[in-house]
Amino acid sequence: MISLLDIRARVADGTLSAADAIQTARERIAARDLAIGAVLRTAPEAPAPESGPLAGIAVGIKDIIDTADMATESGSEIYAGWRPRADAAIVSRLRALGAVPLAKTATTAFAGLDPAATVNPHNPGHTPGGSSSGSAAAVAAGMLPLALGTQTGGSVIRPAAFCGIAAIKPSFRLLPTVGVKTFSWALDTVGLFGASVADIAHALALIADRTGIEAPAPEHPRLALCLQDFAGSADADALAALDHAARAAERAGAVLHDLVLPEPFARAWAAHPTVQDFEARQALAWEYAEHREALPPVLRGQLDRAQDLSAADYDAARREAHRARRLLKELFADVDAILTVSSVGRAPKGLGSTGDARFNRLWTLMGVPCVTVPVPGDGLPLGVQVIARFGDDGRALAVARMIEGALARV
C-alpha cells in the first residue's frame, strides 16, 4: 500500500515531486485495476499542485460525491454520464490543500446493498464490502494513498476491515456532505480510507482543519470491550482478532474492562433501519417514481417496503436514538474508547453480497467516531473497531494508533 505520510515526507524533502507522485498513482491504477474494478474513471491530465499540505496525494472519490471534472453516476445507469457543474464541498477542500482528486471509485447503486463489480484485492472470489467498495479496494491494492467513502450503516468500516486497511467514520457532520448524493440525511457520514491509522489521522486533521485530531493517546487509556450481543454473534475469527487486539492494547498500557450495553441500545440498534429507510424513501423519491425498474433489486425492494413506514414510526425510532445517545454520553464518562469487532467476520465468499453491517449500524446512528484497525493474521483480513465519544475523533484515532502499533510489535 502507499503511505500518505511517506509521500508527504518525500515531497517535503525534495526527493519526490508532487507531479511524479500523482503520475505514479495513475500508473498503478492502469497496471492493477483491471483485475479489481475499483476505479471507474480518472481525472483529465492536468498539472499537479506542487504546494499545499496534501500536494502529491492522489485521492479516490466515491462515485456518489460530485466532481466537476469527472462524471458522478451514483453507481446507477439512471445517472450515466452525469457531469455536475461543481465539486462537492469536501472535494473543493481537498483541492485547496493541494491534493488531486484523481479517480472516481466504484460504489453500490446510491450507496445501497446491491454489490458493485469490484472484487477484494486479497482474493477476487470474495467481496470487498460496500457500499464504498472501490475506495477500500483501491487503497488496499496500492493504487491510491487516500480515498473518500460514506457510511449510512457500515459502508466505511466494513469494507476497510474486509480489505485490511485503516479507515475512519468521523463524528457526524465533521466533514461536509454538501454535494454528496443523500441516502439518509440523519446518518450519511463522509469517511476516509488509508494505509495506516496515522495516515487517516493526518488527512482528517487537515481536511477538517483541526490539528488536535493528531493528539497522542492517554498513557493508560480506559477501554471497554463490547460484543453488542443484541446484534447477534460474530464469527470465531472475528472474536479471536478482537481478543488479540485487546491483549496487545493491555501490553501497551491500556486498562480494559467488559461492557454490556443496556437495553436502550438494543432498541436504538433495532430503530436504525426505520430512520434509514424512511429518509431514503424521500431522498430517492424521484428515482423511485420515475425509474423504479432501473433500480437494482435489493434497493428497489427496500424502497418498496419503505412506502409503508409512517411518520409516527420514524419519530418513535428517532426518540430511541436520542435516548441511546444521551446514555452513551454518560457511559463515556468512565471510558476513553470502546473496542469491538469491525464486522461479523472475514469478507464473505462470492460477489452477491457486500456483507453484514450489524456491528456498525448502532455507532452510525449514535454519530460517534469509529476507526477500524487491521489485525495481522493468516487468510483474508480482519479488523477491530475503536469508538470514542461524539466529537472526540482525535482520541478514537490515538487509541487506534496505539493498538495498531502494539499489534505490529507482537
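Two strands count as paired here if DSSP finds at least two bridges between them. Keep that in mind for β4 and β6, which are joined by six bridges and run antiparallel. One of those bridges links Thr150 to Val190 in β6. Bear in mind, too, that this is a predicted model.

On its other flank, let's look at β2. Three bridges join β2 to β4, and this pair runs parallel; here Val59 stands opposite Leu146 of β4. Move on to β3 and you find five bridges between β2 and β3, again with the strands parallel. Lys62 has Thr105 as its bridge partner in β3.

How much of α4 is buried? Eight of the eight residues of this helix (residues 133–140) are, so the rest of the structure largely encloses it. The run goes Ser133, Gly134, Ser135, Ala136, Ala137, Ala138, Val139 and Ala140. Besides β2 (58–62), β3 (100–105), β4 (146–151) and β6 (189–194), the buried residues of α4 also pack against α5 (157–163). After the helix comes Gly142, with a positive phi near 75°.

β4 itself is mostly covered as well, with six of its six residues buried. In a regular strand, side chains alternate between the two faces of the sheet. For β4, both faces are covered: Leu146, Leu148 and Thr150 are buried on one side, and Ala147, Gly149 and Gln151 on the other.

Next, a pair of helices. Two packed helices are described by the angle and the distance between their axes. For α8 (residues 263–283) and α11 (residues 311–331), the axes come within 8 Å and cross at roughly 135°. Why call them oblique? An angle over 145 degrees would count as roughly antiparallel, and one of 65 to 115 as roughly perpendicular; α8 and α11 are therefore oblique to each other. The crossing is left-handed. Residues making the contact include Phe265, Ala268, Ala271, Val275 and Phe278 from α8, and Tyr314, Ala317, Ala321, Ala324 and Leu328 from α11. Taken together, the contact residues of α8 and α11 divide into 14 nonpolar, one polar and five charged.

α8 turns up again around α10. The buried residues of α10 are Leu299, Arg300, Gly301, Gln302, Leu303 and Ala306, and their cover includes α8 and α9 (285–291). Is Gln302 buried or exposed? Its relative accessible area is 7%, and buried means under 20%, so Gln302 is buried. Leaving aside neighbours within four places in sequence, what does Gln302 touch? Its contacts are Phe183, Gln276 and Asp277.

Key: Residues are numbered from 1 along each chain as its sequence is written. This is a predicted model: local features need pLDDT of at least 70, side-chain atom pairs count only at pLDDT 80 or more; totals for chains, interfaces and linings use all residues. Side-chain values use heavy atoms; hydrogens and water are left out. Buried means under 20% relative accessible area, exposed over 50%, partly exposed in between (1.4 Å probe, protein chains only). Contact means heavy atoms within 4.5 Å. Axes are lines fitted to C-alpha atoms, for helices over the stretch in contact, and angles run from 0 to 180 degrees between N-to-C directions. Helices (H or I, at least four residues) and strands (E, at least two) are DSSP runs, numbered from the N terminus. Angles under 35 degrees count as roughly parallel, over 145 as roughly antiparallel, 65 to 115 as roughly perpendicular and the rest as oblique. A crossing is left-handed if the near helix is turned anticlockwise from the far one by less than a right angle, and right-handed if clockwise. Ala, Val, Leu, Ile, Met, Phe, Trp, Tyr, Cys and Pro count as nonpolar, Asp, Glu, Lys and Arg as charged, and the others, Gly among them, as polar.
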